[in-house]
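Take a look at the model below. We will go through it one part at a time.

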There are 4 protein chains.
Amino acid sequence: MFTIDKLSRTPIYEQLIAQFERCILSGDIGADGQLPSVRLLSQTLSINPNTLQRAYAEIERRGLCYTVPGNGRYIAKDAVEKLGAMANSRTEEFAALARELKERGIPKAKLSGVLDMVYDDEGKVITE
Amino acid sequence: MFTIDKLSRTPIYEQLIAQFERCILSGDIGADGQLPSVRLLSQTLSINPNTLQRAYAEIERRGLCYTVPGNGRYIAKDAVEKLGAMANSRTEEFAALARELKERGIPKAKLSGVLDMVYDDEGKVITE
Amino acid sequence: MFTIDKLSRTPIYEQLIAQFERCILSGDIGADGQLPSVRLLSQTLSINPNTLQRAYAEIERRGLCYTVPGNGRYIAKDAVEKLGAMANSRTEEFAALARELKERGIPKAKLSGVLDMVYDDEGKVITE
Amino acid sequence: MFTIDKLSRTPIYEQLIAQFERCILSGDIGADGQLPSVRLLSQTLSINPNTLQRAYAEIERRGLCYTVPGNGRYIAKDAVEKLGAMANSRTEEFAALARELKERGIPKAKLSGVLDMVYDDEGKVITE
DNA sequence: GTGGTCTAGACCACC
DNA sequence: GTGGTCTAGACCACG
């Protein structure tokens with residue numbers, strides 16, 4: 001369910017956050033919306049509870065989940081919407097990267113092609 | 001000529017590398033192709049000489065420049081081509097970002113629009 | 001009669017205590033002064049009996065109620081007076097908060113205004 | 001300069017945050033606006049560096065200070081304004097407390113008196 | 001059982 | 001020197 005790269009330069013807790021956000025989007029969390037407990041998941045992933053705790057704290061700070069004291073953590077109902085709003089602001093990142101690649105001589109056609117591939121990806125697989 | 005953001009989370013030496021690469025691409029380095037000395041430039045930018053040294057070392061490692069001992073650093077003649085090759089591999093990065101944004105519900109049209117903006121921005125200047 | 005916020009950061013047992021004290025002040029407990037049994041009320045509120053037990057223990061410790069073994073819990077006759085005395089000591093808390101807000105630049109007029117609003121709120125109901 | 005109560009129920013890192021905010025308001029940070037380093041201050045207060053780090057991270061998240069990589073942390077120029085804005089929203093807290101005390105029979109006159117004392121505090125001492 | 005906090009000590013990257 | 005991250009292991013409050 002999760003893949004953590006302990007050697008990566010991006011901190012583990014950020015990797016965790018990213019993975020959780022993906023899970024929320026894809027609905028890969030149990031139907032009751034409960035997130036795995038700190039103890040359990042930290043064992044499963046063999047990471048330190050503190051690290052996971054930190055990831056959870058940040059996810060909660062973003063309003064994507066909430067804590068029921070003594071009971072567990074649950075995904076917020078409007079989590080998907082919030083993620084959408086956040087993604088919108090990340091478009092600027094996309095623009096910056098495109099600008100840089102353009103500067104380095106990558107033709108627009110190439111990037112357009114990549115975009116096509118990404119967005120038609122699953123479509124092709126199914127319809128073929 | 002250079003703009004360094006000391007507050008940025010991306011290390012200064014990486015910022016330097018990126019800026020040098022841009023200068024190489026745009027030909028903004030003196031006609032003789034000589035890079036400014038560590039001592040001089042570090043003073044100009046008021047950064048630590050070690051930091052600049054590190055950037056130069058990395059640029060050299062990438063084969064974009066070479067050192068003439070006791071004389072200075074000069075841009076390699078095939079530097080532009082090498083940068084082109086490197087940029088190509090960075091397209092994967094672009095794809096990854098596009099994939100993620102797609103996953104989060106950003107429609108293809110939006111990204112295409114961004115692409116158009118980026119590429120038609122200065123394109124006009126050329127076609128005029 | 002009771003509203004428990006299970007998501008609140010203030011423990012449930014403290015919420016219970018506060019609500020009981022309010023009920024005692026407003027006289028909203030049955031004329032006989034008997035408090036609901038642990039079993040019944042914990043079911044009604046769908047909270048853990050232990051939690052309710054803890055709240056009752058604390059209320060009893062404060063001398064606001066007493067237990068008749070095998071019979072039930074009853075509100076102490078001097079409960080209201082005791083609550084008054086306790087509230088007096090909480091004025092210090094009020095002073096501390098006011099001091100802090102002053103330190104942060106909130107003008108006295110603003111706090112006075114708040115005070116007016118709070119106290120004149122239901123005051124009207126009485127004078128009518 | 002700082003007083004930490006390790007036995008308090010409010011976490012150390014929150015105590016730290018509160019104290020820093022007060023220092024910022026009163027201008028008790030060195031003229032250059034640099035905050036003490038994690039290592040140094042954690043030794044001085046004999047607390048764990050991690051705890052202090054956490055406090056600093058939160059302060060930074062609130063936009064009250066910023067980090068110069070490899071150099072240190074500095075107070076943001078608009079820190080005082082931000083603190084003012086935050087305080088404004090805390091007025092609600094004040095109202096809630098006043099409401100509760102009113103409910104418990106504290107007369108308005110008493111709270112008004114407290115308010116007078118708090119705000120005229122230093123004035124009296126001087127003019128008397 | 002749950003989450004929250006803290007300590008001790010280590011390692012890394014950057015300047 | 002600076003901040004940032006992580007681990008290991010402990011303790012506490014709450015339900």
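A residue is near a strand or molecule if its C-beta atom, placed from the backbone, lies within 6 Å of it. This model is predicted: local features need pLDDT of at least 70, side-chain atom pairs count only at pLDDT 80 or more, and totals for chains, interfaces and linings use all residues. Residues are numbered from 1 along each chain as its sequence is written, while chains are lettered from A and ligands numbered from 1 in the order in which they are written.

Start with DNA strand F. Around it lie 27 residues, and Pro11(A), Ile12(A), Gly70(A), Ile12(C) and Ser37(D) come nearest. By class, this surface has 11 nonpolar, 13 polar and 3 charged residues. Here Ala, Val, Leu, Ile, Met, Phe, Trp, Tyr, Cys and Pro count as nonpolar, Asp, Glu, Lys and Arg as charged, and the others, Gly among them, as polar.

Last comes chain D. Its helix α4 covers residues 79–103. Helices are DSSP runs (H or I, at least four residues), numbered from the N terminus. α4(D) bends by about 30° at Ser89(D), the angle between axes fitted to the seven residues ending there and the seven starting there. After α4(D) comes Gly105(D), with a positive phi near 95°.

How values were computed
Helices (H or I, at least four residues) and strands (E, at least two) are DSSP runs, numbered from the N terminus. The expected span of a helix is 1.5 Å times one less than its number of residues.
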